[in-house]
Amino acid sequence: MATRLFAALLLCPAAVRAQAPAEPVAAAARVAVRVGDHPGFGRLVMDWPRQVSWREERDDGVLRLVFAASEPVDAAGARRPPRNIAGVAAVAGGIEIQLRPGAQPRVYRLGNRIVVDVRDPSGDAPVAVAALPTATPPDRRSASPGAVAPALAAEAPATPPPRTAARRRGAPPAAAPAAVATAAAPIIAPLIAATPAPLQAATVVAPEPAPPEPAAPQAPAAPAAVALRLAGPSQLGVFRLPATPPPGVAILRRGDALLVLLDAPIVLDLAGLRRDPLLAGAEAWPLPGAMMLRIPAAPGATLRAAMVQGQWQFTLGAETAAHAAAAHILLEPLPGPPARLALRASVPGRVVTMTDPQTGLPLLIGTLTLASDLAGTGVPRGRVLPQLEVLPTLLGAAVLARAETVTMTALTDRFLLGAGPGGVRMGPGAGEGPEAIAAAMTRAFDIPGGSVAALTERLRAQGAGLAGAAPLTRGPARLAAGETLLGLGQPHEAQAMLALALQEDPRAASDPRIVALHGAAALLAGRLAEAQGLASADLPPSDETTLWRAALLAGRGDMADAAPGFAATLPLLGTYPEPLRLRLLPLAAEALVEGGSLPAARRLLESAPDMPGLRLARARLDEAEGRTDAAIAGYAAVAAGRDRLARAEALRRSIDLRLASGALDAAGAAAALDASLFAWRGDGREVAARERLAVLRIQAGAPRAALTLLRETAALFPDRATALGPAMTDAFLAGLETEPGAAAIALFEVERSLLPDGPRGTDALAKLAGRLAALDLGDRAAAMLTEAMSRAEPATRAALGARLALLRLEERDPAGAIAALDGSTADPLPAHLASERDMLRARALARRGDTPAAIALLRGMGQGGLPTIADLAAEVQDWPLATESLFGMTAALPAEALDVPARRLVLRAAAAALLAGEDSRAAGLAEAFGPRMAGTEAEAAFAILTGDPAAALSALPRLTRELDLFRNVPPRLEALRTGGPVTR
């Protein structure tokens, strides 16, 4: 114990100063206070020799911190507080901070340090750290020249004034103030001007009245604001920055917002963004030499930046595959010593330093001066190192500094990262194991280490202390006992201990450590409903908070979201006592594997003992790394174990793996998964297994069985019924497409409510109408098409109207066909669809007896209308018109050999010319196509039709029957192939 106390005293700055002979011995235990003035906020830091808890009391601009420790706070280091703090004073048990009006304080822990950040009032501009007051303090007006000179020199710049020749020759001390004033004239001139009279050597008995303050210098004109411009009402989330020249830009996500850093002090006008619902919540605040734009955004949103016409254009939306595949900034280690890292980027801009809004640590951001798909744009994945953390970015680079020696420099083709003479530590090295890395990580709790015996003895001592403590003072003691119980791997007992603290002490409910640790104990006890305090407690950001919230995500089943947190805090997990570590290892291993952090998962499993709880994670790692046989064997071993949850997970994963490897087909996988449904029941895992089984049944050709299963699942889990809707819709549509005709119609009538809106529902109705028409159910098919038209977009409605018109024509209802076409007009239409609709209208007009109108409509279509004109003319035996149309079609035939349709067309043209009595045209046809018809099955018929007209007319009925047979052979064969009726 004495050794630990001695080490703590050596590490405490106050204790080091207390060793000076001039300080009293009693000051050795005081806690020093350090202050700092930063852009946008002021900071107080108290260096404690160990982690302590505190209580906050706020009262009308006063913040009091009362610490659960015996050491007094030494506020001497805060005699000159930051600009937004009026005063700092030590009080009994803590410290009292007087805040300026509107200042907002935030208290959090960094290791053994308690940090108070006081943000400037809203709308205040940051004040430079080197700014000096313009009025002379009262104590300087009554001071001697010898006392004023050091005071002025203390406020001068850090560069010492030049030593004059008079001082080197041993000039009298009276010359010192003049020398200092001359050297620091630009800075201390207002102070000298504010002094009412030259300083005298005699001491003034009574202080003189304060002199009037000098006139404030005229502020420079504010720069003109740059208005951000929206792309237009049809493009939500798109805006431009019309700044000349364009600044360098970096984009990253922090929490629930996207941060856009501009590396130039541009004043932004956000009025234009208020009209866009996606950008209405944007805020801007200045940084030294830069500007920050904060845009609230949902977790899945991204912000893309590109240079368009010399201006930055930003697009807020979902990430696309093209953006995800774009080139990224790569992290490369450089040879040392000292070891450094390079972030490769083709167009680096500047490096801007700010305070991270999440952790309060320094954040170094490197901008890019151009966004190009050919250059590195952002860092796709972050990386946690002992001294720094490379954050994921959408544009540029960002580094969170965990050590004061971290540097980031922009070069011509890279950002260079350094960490002082020792270089950047990439991981455990010589003399630096995981324990050293974990020691540098920040903590939220005080979970003790050591053996089980030592922890048991510690718990016994804590119990004795609790027995003798007053009820209202047991909160901190119960917190310590809860931490010890958690370290012993007894989460149920730890939760009970912390619940007693919440019941006994009304102040415990406001202690975020007690609330969060109660949630952590509930998590390990398997009581997820009682673990919400772990997420809701207002704990300062720390590595330990990240670890436990990742464990909460993993306990809820969100393994992929938990993986980054575990990967960043594995060294800290390794320092926990063995009973606690063994409880957290399975969660961490499975989360790392499912989240894709395979190297981290492999390191964790290689260093972990062979315990049953890790066998599932080892099998999953084998599967992820392509060792299929080993993974199947591992799943079989887990399925034979006693852990029901692990057994169910292993069975289901083994089925999917065997299906992917070809050992099972979809039907076999569905049967195997159906048999494993009862391995685990009653929560989201069963619902997920049922949804997977429905997918397998659809793939196996049993959509009705899949739909029945999903209906049963919705009845068993009413709270999941809405989420199951898309899966039921998929099964319904698959059934309409694959079930036999009558069964598909029956399914539609029973499950009609599952028909989706939009193109999918319209397409399903159209397909079902086709199946009804094939069954000679024309009226029902027409009703389906009519319903589909009422749900479709204009272009789709026009196509469905054409199908309905064709159906009406086949039923010999020309008026219904024309009505279907008139009721489905749209403009514009694709050329092929417009032509098809015109042909159908012409046929309907001809069927109605208005052949001239039909012919006129078809003539307007040009070459495309000739086949229909020929058909209509043949129907009314207008052979001159048929001959004209058919000869127009033959004129477009190619000069090479004729295929079967072309030969049939030539024969039809010859027959029409014969019937029209146009012998000259028949002779011309024989001259043009006779050589190309030779040697084909149509040669003899063509010779008869173009030969003697009398013989041709007598043979024409026989030739017509042969041509019809020739033309109808393919449809008859198709009917035989599909099992449909063969009509005459």
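Me: Is Glu 737 buried or exposed?
Reply: This is a predicted model, in which local features need pLDDT of at least 70 and side-chain atom pairs count only at pLDDT 80 or more, while totals for chains, interfaces and linings use all residues. Residues are numbered from 1 along each chain as its sequence is written, and side-chain values use heavy atoms, with hydrogens and water left out. Buried means under 20% relative accessible area, exposed over 50%, and partly exposed in between (1.4 Å probe, protein chains only). At 51% relative accessibility, Glu 737 counts as exposed.

Me: Which parts of the chain does the pair of Lys 767 and Glu 737 tie together?
Reply: The two side chains meet in a salt bridge at 3.6 Å, N to O, the term denoting a side-chain nitrogen of Lys or Arg within 4 Å of a carboxyl oxygen of Asp or Glu. Helices are DSSP runs (H or I, at least four residues), numbered from the N terminus. Because the residues lie 30 apart in sequence, the pair joins helix α25 (residues 725-738), which holds Glu 737, to helix α27 (residues 759-774), which holds Lys 767.

Me: Are Arg 620 and Glu 590 buried or exposed?
Reply: Their side chains form a salt bridge of 3.9 Å, N to O. Arg 620 lies in helix α19 (residues 615-624) and Glu 590 in helix α17 (residues 578-594). The relative accessible area is 6% for Arg 620 and 15% for Glu 590, so Arg 620 and Glu 590 are both buried.

Me: Which residues are linked with Arg 620 in a network of salt bridges?
Reply: The structure holds 41 salt bridges. Arg 620 pairs with Glu 590 in one of them. The network links Arg 620 with Glu 590, Glu 594, Glu 649 and Arg 653.

Definitions and conventions
Helix = DSSP H or I, 4+ residues; strand = E, 2+ residues; numbered from the N terminus.
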